[in-house]
Amino acid sequence: MSEQPVFDVFVIGGGINGCGIARDAAGRDYSVALAEMNDFASGTSSGATKLIHGGLRYLEHYEFRLVREALMEREVLWQMAPHVIWPLRFVLPYQKGGVRPAWLIRLGLFLYDHLGGRKLLPATRTLDLRRDPAGKPLKPNFSKAFEYSDGWVDDARMVVLNARDAQAKGARILSRARVVSARRDGGEWLITTESQRSGEKEVHRARMVVNAAGPWVDQVLAGAMGRNNVHNVRLVQGSHIVVRKKFSDPRAYFFQNPDNRIIFAIPYEGEFTLIGTTDQDYHGDPKDVRISAGEIDYLCGAASEYFKEPVRPEDIVWSYSAVRPLYDDGASKAQEATRDYVLKLEGQAGEAQLLNVFGGKLTTYRRLAEHALEKIAGVLGPKGSAWTAGSHLPGGRFAVAEASVLVADIMKSWPFLTRDHAERLVRSYGTDAKIMLAEVHTFEDLGRHFGGTLYEVELRWLVQKEWAVTAEDVLWRRTKQGLFFTPEEAKELDAHLEAIALT
Ligand SMILES: Cc1cc2nc3c(=O)[nH]c(=O)nc-3n(C[C@H](O)[C@H](O)[C@H](O)COP(=O)(O)OP(=O)(O)OC[C@H]3O[C@@H](n4cnc5c(N)ncnc54)[C@H](O)[C@@H]3O)c2cc1C
């Protein structure tokens with residue numbers, strides 16, 4: 001066991017909230033460490049619907065603070081990371097006698113357009129589905145729709161880009177290092193991490209701990225900190241299914257279901273449609289969450305109410321599930337529990353302080369981090385000022401309208417790349433794609449081909465710069481190439497990565 005210097009802030013959890021807080025704090029010159037027990041974004045932050053959205057539905061629950069903050073964040077985040085975030089138009093079909101009257105939806109969308117922050121995204125409009133191509137894949141009884149704006153994000157990549165930027169700003173970033181104990185020792189914390197690869201333990205000292213363990217936030221309090229009767233979050237499971245493309249329109253669909261819930265059907269990774277989500281209380285360990293047969297039936301049934309061509313369980317090529325860590329406000333239904341976040345400071349005067357993070361959304365992570373930094377500054381004394389609005393995540397320093405220019409640029413310099421490949425590299429790495437390809441002069445220089453459009457040069461980048469260790473990290477979080485790999489190719493990639501780890 002070795003001893004480390006005293007960090008100002010030690011963050012537990014490498015999801016979007018932990019990585020966002022670590023980045024913000026490091027950028028203000030606090031000394032920061034972050035420990036993630038598994039891979040970055042392996043918890044809830046890779047299992048989302050992946051929308052940068054205000055949350056139209058939350059207006060029904062009068063969550064105006066949250067919706068306004070989230071709406072304002074859409075364009076801030078888009079400009080911060082125009083490679084992994086882009087605008088998406090949503091088609092919301094409605095019928096006479098449907099779940100909500102048209103006037104109510106119109107009112108909600110009016111508020112959505114005007115609550116704040118919309119400068120670049122186009123406004124809501126109405127559609128005649130008998131003429132508009134968006135009506136083509138839908139049943140003929142849907143003749144009218146509203147079309148509105150929100151954004152799309154590659155959630156897992158946004159997390160790892162925050163971790164990379166935190167590291168670039170001086171933070172010590174530990175992956176596959178589980179916090180097994182965190183105890184106060186006078187005015188400091190003593191935190192023990194255990195490597196999930198070697199079993200080695202390391203002790204760290206810090207003036208403050210941030211518990212950003214998402215759905216595990218109560219487990220950290222109970223397990224690593226030895227608390228009794230902890231119950232701060234309500235765990236709500238949400239699952240998604242991916243099927244072969246159900247429509248070729250670039251817009252997404254917002255479907256209302258008779259049970260008052262909604263689901264989205266979203267164009268996904270070029271050849272697929274993503275359908276989700278469900279919303280049901282969950283009582284197990286978050287790491288064990290899996291889609292149930294009931295959820296599959298629910299999602300297939302709900303989408304089939306709208307699409308002419310039904311969605312059947314046998315059409316599913318992939319599914320994923322995650323657990324929302326919602327702050328427990330005692331709501332009786334899972335879908336009514338608040339989606340807002342709550343930050344709670346704990347500790348007596350003179351004791352080292354703990355900041356617990358409950359709830360939150362991908363969309364509001366940057367603001368959550370700013371609020372966390374206000375609390376941290378209150379305890380440790382202020383350093384720097386808010387800086388992340390107007391900043392860029394790694395690879396994201398280009399104008400929002402210029403992703404296609406970057407693709408054209410890359411295709412000109414590396415003419416042997418296919419358009420799909422160049423687009424994927426730009427959508428994943430932005431301007432960093434050029435750095436990744438700097439030594440590539442011929443097709444052969446891309447190195448070994450593993451499957452899909454994954455070559456050795458990209459794999460090396462993921463291992464050396466983005467903490468990728470297993471095939472799952474590479475195929476389902478750093479990229480979604482898993483959708484294009486055969487099981488044999490995935491196995492070979494895993495064997496290759498294991499061999500690298502041993503050298
Ligand atoms: C189905 C679903 C759909 C969603 N859709 C959207 C959406 O479209 N838009 C949106 O804005 N938000 C969405 N969200 C919400 C968003 O995904 C979450 O709020 C967010 O990802 C939570 O991030 P987090 O960092 O708090 O938690 P997590 O991502 O779970 O991160 C916590 C991390 O802590 C680590 N950890 C736990 N214990 C320890 C320990 N002892 N030591 C070290 N590390 C530890 C875990 O491994 C984990 O990686 C959705 C959520 C779900 C479930």
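The ligand lies between domain 1 (3–44 + 157–231 + 339–380) and domain 2 (85–149 + 234–330), because both give residues to the shell around it. The structure is a predicted model, in which local features need pLDDT of at least 70, side-chain atom pairs count only at pLDDT 80 or more, and totals for chains, interfaces and linings use all residues. Residues are numbered from 1 along each chain as its sequence is written.

Of its 40 residues, Gly13, Gly15, Gly43, Gly214 and Gly238 come nearest; a residue counts as near if its C-beta atom, placed from the backbone, lies within 6 Å of the molecule. Two or more residues each come from α1 (16–27), β8 (177–185), α5 (217–224) and β16 (316–327), and β16 gives the most, with four residues. Helices (H or I, at least four residues) and strands (E, at least two) are DSSP runs, numbered from the N terminus. By class, the shell holds 17 nonpolar, 18 polar and five charged residues. Here Ala, Val, Leu, Ile, Met, Phe, Trp, Tyr, Cys and Pro count as nonpolar, Asp, Glu, Lys and Arg as charged, and the others, Gly among them, as polar.

Beyond domains 1 and 2, the protein chain has a domain 3 (400–502), with bounds that come from an automatic or database domain assignment. The centres of domain 1 and domain 3, taken over C-alpha atoms, are separated by 30 Å. Nine residues of domain 1 are in contact with eight of domain 3, contact being defined by C-beta atoms, placed from the backbone, within 7 Å. On the domain 1 side, the touching residues comprise three nonpolar, two polar and four charged.

Leaving aside neighbours within four places in sequence, the contacts of Val210 include Val9, Val11, Ile12 and Leu355.

Serine 31 lies in the loop between α1 and β2 (32–35). Not counting residues up to four places away in sequence, serine 31 touches Phe7 and Asp8.

Key:
Two residues are in contact if their C-beta atoms, placed from the backbone, lie within 7 Å.
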